[in-house]
Amino acid sequence: MRKSLVAGLAILLASCSPKHSVVAGGEPNTGKNLVGWYGCGSCHEISGLPEAKGLVGPPLRRIARRVYITGSVPNTPANLMHWIREPRKVDARTIMPDMGISEQHGRDIAAFLYTLD
Amino acid sequence: MGLALLTVGGCSITGPAASVPPPGNMVEGNRQSLLQPGPLRPVRLVRNPVAGDAQAIQDGKRLFNQFNCSGCHGAGGGAIGPALIDDQWIYGNSAANIFWSIIEGRPAGMPAFGGKISEDQTWKIAAFVRSIANLPEEVPTGEESRGESDVEKGKKVFLRGSCVMCHTVRGTVSLSRVGPDLTHFASRTRIAAGTLPNTRGNLAGWILNPQNLKPGTQMPATQLEGQELHALLTFLESLK
């Protein structure tokens, strides 16, 4: 676990001196696979993933540099994880579905999103 | 001209319709051929864009006569064709169901008006028909009857919208053979002709924007609100 944290941190630091620290306990490589499995790419373009070409929602890129996410909440790991796991609790009208994502998967996905160029 | 000649099951379509040039977008019916003369219409609505508009209902009344719907359905009480003011609806009474009955035609003599009538005119007629049948204005499915489960709400979204025009779910009025049979949808491991794992995210993206995921697919995009999509996903996931 500690190793993956360090790895995540390293990726993040190497990428673009992010404003936000790595998501505690999140594993970006696992997150990358999970994003493919859950099907985020059918609604989002995701930088670095050519197969993710969805145009229903906004493109996901440079998430670590964002000030706000979803146009409404400050960009913190907790807010990002909450959005990924229960978007309809954050915004009852959103078209982004709750996908039954577990706590750990939410962490992994958030950690991955923070590595995006 | 074509209209004046069109005779189906003894119900002859004559009258002023032939001289009314249909303005606006033309509507396509069920596609039996993959040949594509122009771009696909990108989005299908599931609610009547002119619902509750008194002027549209008046226009719908005029169009009902101009297209000679009255030739078979009388003033709504029925004649050669079935009554439209009772509560018997073989093919559903949502605005979208009525819209598609007009566009696609129905086997026992109802001609298909697809290609002869504009989208706007069809919605107006649907609004008029619902008004004479005294049906209440439609609201997004998630907003009514809050006691209902998501599966029940989602089934309504499915049956009221355009899904029924192409798909079968055995045990419902949805029995069309144009697209895949969805009776056991939740037991499938992949969707979109095998291109995507059958997960909620993929299913949602597919329903909202299939053309983008599989260019050339015959499945049109559907416009839904968040709560309708959520209920629809839950319904589809219940089809074991």
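Predicted model: local features only at pLDDT ≥ 70, side-chain atom pairs only at ≥ 80, totals over all residues.
Residues are numbered from 1 along each chain as its sequence is written, chains are lettered from A in the order in which they are written, and side-chain values use heavy atoms, with hydrogens and water left out. Local features need pLDDT of at least 70 and side-chain atom pairs count only at pLDDT 80 or more, while totals for chains, interfaces and linings use all residues.

**View 1. Chain A and its secondary structure.** Chain A has five helices and four strands; helices (H or I, at least four residues) and strands (E, at least two) are DSSP runs, numbered from the N terminus. Along the sequence the elements of chain A run α-α-β-β-β-β-α-α-α. Of the 117 residues in chain A, 44% are buried, that is, under 20% relative accessible area with a 1.4 Å probe, protein chains only. Contact means heavy atoms within 4.5 Å. Among contacts in chain A between residues at least 6 apart in sequence, those joining residues at least 24 apart make up 50%.

**View 2. Chain B and its secondary structure.** Chain B contains nine helices and six strands. Its 240 residues include 48% that count as buried. For contacts in chain B between residues at least 6 apart in sequence, 56% join residues at least 24 apart.

**View 3. The largest nonpolar core.** A nonpolar core is a set of buried Ala, Val, Leu, Ile, Met, Phe, Trp, Tyr and Cys residues joined through side-chain atoms within 4.5 Å. The largest one holds 47 residues, and B:Ile125, B:Phe158, B:Leu232 and B:Leu236 touch the most other members. Helices α2 (54-66), α4, α5 (119-132), α6 (150-160), α7 and α9 of chain B each supply at least two residues of this core. The most comes from α4(B), which gives seven residues.

**View 4. Helix α4 of chain B.** This helix spans residues 95-104 of chain B, and ten of its ten residues are buried. Among them are B:Phe99, B:Trp100 and B:Glu104. Just after α4(B), B:Gly105 has a positive phi of about 75°.

**View 5. B:Thr172 in a loop.** B:Thr172 lies in the loop between α6 and β4 (190-191) of chain B. B:Thr172 counts as buried because its relative accessibility is 14%. Its side chain reaches the backbone oxygen of B:Val169 at 2.8 Å. Apart from neighbours within four places in sequence, B:Thr172 is in contact with B:Lys155 and B:Leu159.

**View 6. Where chain B meets chain A.** Here 18 residues of chain B are in contact with 16 residues of chain A. The size of an interface is often given as the accessible area lost when the parts come together. Between chain B and chain A the buried area (accessible area lost, 1.4 Å probe, summed over both parts) is about 1,400 Å², and carbon and sulfur atoms give 61% of it. On the side of chain B that touches chain A, α7 (200-208), α8 (210-213) and α9 (226-237) each supply at least two residues. The largest share of that side, six residues, comes from α7(B). By type, the residues of that side of chain B are seven nonpolar, nine polar and two charged; Ala, Val, Leu, Ile, Met, Phe, Trp, Tyr, Cys and Pro count as nonpolar, Asp, Glu, Lys and Arg as charged, and the others, Gly among them, as polar.

Conventions:
Buried area = accessible area lost by both parts, 1.4 Å probe. Buried < 20%, exposed > 50% of the residue type's maximum accessible area, 1.4 Å probe, protein only. Polar contact = N/O pair within 3.5 Å; in protein donor to acceptor, adjacent residues only side chain to side chain.
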